[in-house]
Amino acid sequence: MGFWGLLSVILLVQDAAESFVPQARSSIVGGKDAQKGRWPWIVYLLITDDTGIFNCGGSLLTEEWVLTAAHCVDPNDNPIRDNSFIRLGTNSLNEPSVFYRTISRIVSHPQYQRLAQLHNIALVKMSEKVSFSSLVKPMPLPKPSDAFRPRLKCFVAGWGEVGNNVELSGNRTLQELELSIVRQSTCKKDFPGLTDNMLCAGSMKEGKYSCQGDSGGPLICRSSGVLVQVGIVSFGHINGCALKDFPVVYTRVIPYMDFIRETITSD
């Protein structure tokens, strides 16, 4: 299938997705339009499975592997790899992306637990490698010794609703948001099941967050002058987005470095 044929299929599937109530909508509440090329490792996943069609975020790690949340590609929901698409080098969803790929392999963490959102991390292999450019780059990962303290300023980006039942309009340009890591003890008051493999972030007094969506997208912080992926958007408050004083929970990346490395190198 040629480029424009594939693009037509993706747009048709995307339009169909809007008729479903998705499990995980990629959303940024309180963000702003991102400049083209500012986040070249952000990817857009349009997943088809037994529950319907929905979108998630992710991050490009290598020429063929994408990091995302396990609940985005939950094996219990039977993801249909040939009918799921990855867009790379995307800024506006209404404009062509640099690359379009289907999925050839999904590796969820072996201890992933859906209900508790434990070990909510997965790797997705694309059907064909991509080449790097100014618009498509791999996401740097942190060092095991890196420490990311409360109040550290970080970033998250994604597409989708910008509030509860408020869709991103216009060109549906990638939204970006600066937010802070929240103290673990503070987050545990809102989420008693929080583990050491999770962290929280948000601009709590302003109600600015990644929404319970943006699922699978990266939480990006600065370490030694370099932007690295610290977390993966996992879940938020059950009552929805834009709730003040309630942060969003992310899967920490550092505890899963062995899982990431072993999955990528063993293929």
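**Close-up views of disulfides, cores and loop residues**

**View 1. The torsion about the S-S bond of Cys 187 and Cys 200 is about -60°, so this disulfide (a pair of cysteine sulfur atoms within 2.5 Å) is left-handed.** The model is predicted: local features need pLDDT of at least 70, side-chain atom pairs count only at pLDDT 80 or more, and totals for chains, interfaces and linings use all residues. Residues are numbered from 1 along each chain as its sequence is written, and side-chain values use heavy atoms, leaving out hydrogens and water. The S to S distance between Cys 187 and Cys 200 is 1.7 Å. Cys 187 lies in helix H2 (residues 184-190) and Cys 200 in strand S12 (residues 198-201), so the bond ties together parts 13 residues apart in sequence. Helices (H or I, at least four residues) and strands (E, at least two) are DSSP runs, numbered from the N terminus. Cys 187 is buried, with a relative accessible area of 0%, and Cys 200 is buried with a value of 0%. Buried means under 20% relative accessible area, exposed over 50%, and partly exposed in between (1.4 Å probe, protein chains only).

**View 2. A disulfide joins Cys 56 to Cys 72, with an S to S distance of 2.1 Å.** The torsion about its S-S bond is about -85°, so the link is left-handed. Cys 56 sits in strand S4 (residues 52-60), and Cys 72 in the loop between strand S5 (65-68) and strand S6 (85-88). The pair links distant parts of the chain, 16 residues apart. Both Cys 56 and Cys 72 are buried.

**View 3. Cys 154 and Cys 221 are joined by a disulfide with an S to S distance of 2.0 Å.** This link is right-handed, with 105° about the S-S bond. Cys 154 belongs to strand S10 and Cys 221 to strand S14 (residues 218-223), distant parts of the chain 67 residues apart. Cys 154 is buried at 0% relative accessible area, and Cys 221 also counts as buried, at 0%. The disulfide count comes to three.

**View 4. The largest nonpolar core has 48 residues.** A nonpolar core is a set of buried Ala, Val, Leu, Ile, Met, Phe, Trp, Tyr and Cys residues joined through side-chain atoms within 4.5 Å. The residues with the most contacts inside this core are Trp 39, Leu 60, Val 66, Ile 86, Leu 88 and Ile 260. Strand S3 (residues 42-49) supplies the largest share, six residues. A second, separate core of 15 residues includes Leu 177, Ala 201, Leu 219 and Val 230. In soluble globular proteins, nonpolar side chains tend to be buried together.

**View 5. Leu 88 is shown with residues that it touches, among them Val 43, Leu 60 and Phe 99.** Contact means heavy atoms within 4.5 Å. Ser 97, Val 98, Arg 101, Met 126, Val 130 and Val 136 are also touched by Leu 88, not counting residues up to four places away in sequence.

**View 6. Gln 117 and Arg 151 are residues other than glycine with positive phi values.** Phi of Gln 117 is near 55°. Gln 117 lies in the loop between strand S8 (103-108) and strand S9 (122-126) and is buried, with a relative accessible area of 14%. Phi of Arg 151 is near 75°. Arg 151 lies in the loop between S9 and strand S10 (153-158) and is exposed, with a relative accessible area of 70%.
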